[in-house]
Amino acid sequence: MNKNSPHQFNPKVDELLAKAKKWRREFEILREIILSCGLNEDVKWGQPCYTHQQGNVVLIHGFKDYCALLFFKGALLDDSEGILVQQTENVQAARQIRFVNAEEILVQKSLLKAYVNNAIAIEKAGLKVDFKKEPEPVPEELQDKFNEIPPLQAAFAALTPGRQRAYILYFAAAKQSKTRISRIEKYVPHILEGRGMDD
């Protein structure tokens, strides 16, 4: 680790990476690239998250088959290389760049820096993603939770359509809003880990 990065390493992220069973080397390289762009480091939603003046810019997260950079306003990025992934058509703002090994990240180091710098410029300019209405009947309480925890929407979108449907039907079946909220709260950890209701 190069301790001469322009920004401080957050001890909470050090702790998180020390515990990572998978993708640890990949996370460390991604962290180095992001910090070299001058963002502030924090832990949000259990993931390393990078901000500019309190605005969320990019997050590092890992799934079973890949790890990724999640750009909160990825839909606004200039994707001339065509490397951004929209998990499903329902994900409106966030975009991922996915990796399956450290070498893949190292090869694209300067390109990734360019994408991070582009994301910082978008944040500095105060640009916002123009949200369209959800095509799927997602319960309002679940949409509120997505707005509160953007990585949750990304994780939900990464689930198979059948798993998504099972969650939506279960959440929507509750007659009262507070019951829907408590059902959603209970399954947030499952969704963030990429699991279905019965996994």
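## Basis of the model

The model is predicted, and local features require pLDDT of at least 70, side-chain atom pairs count only at pLDDT 80 or more, while totals for chains, interfaces and linings use all residues. Residues are numbered from 1 along each chain as its sequence is written, and side-chain values rest on heavy atoms, with hydrogens and water left out.

## Overall build

The protein contains 8 helices and 5 strands, where helices (H or I, at least four residues) and strands (E, at least two) are DSSP runs numbered from the N terminus. Read from the N terminus, the order of the elements is α-α-β-β-β-β-β-α-α-α-α-α-α. The radius of gyration is 17 Å, close to the 16 Å from the globule rule for 199 residues, so the protein is as compact as a globular protein of that length; the radius is taken over C-alpha atoms, and the rule is 2.2 Å times the number of residues to the power 0.38. The C-alpha trace spans about 55 × 35 × 30 Å along its principal axes.

Of the 199 residues, 46% are buried, a term that means under 20% relative accessible area with a 1.4 Å probe and protein chains only. Among contacts (heavy atoms within 4.5 Å) with a separation of 6 or more, 60% are between residues 24 or more positions apart.

## Strands β2, β3 and β4

Strand β3 (residues 55-62) takes part in two antiparallel pairings, with β2 (residues 47-52) over 4 bridges and with β4 (residues 67-71) over 5 bridges; two strands count as paired if DSSP finds at least two bridges between them.

Strand β3 is mostly covered, with 6 of its 8 residues buried.

## Helix α6

Helix α6 (residues 150-158) is largely enclosed by the rest of the structure, because 7 of its 9 residues are buried. These buried residues are P151, L152, Q153, A154, A155, F156 and A157. They pack against the strands β3 and β4 as well as the helices α5 (140-148), α7 (161-173) and α8 (177-192).

Technical notes:
Buried means under 20% relative accessible area, exposed over 50%, partly exposed in between (1.4 Å probe, protein chains only).
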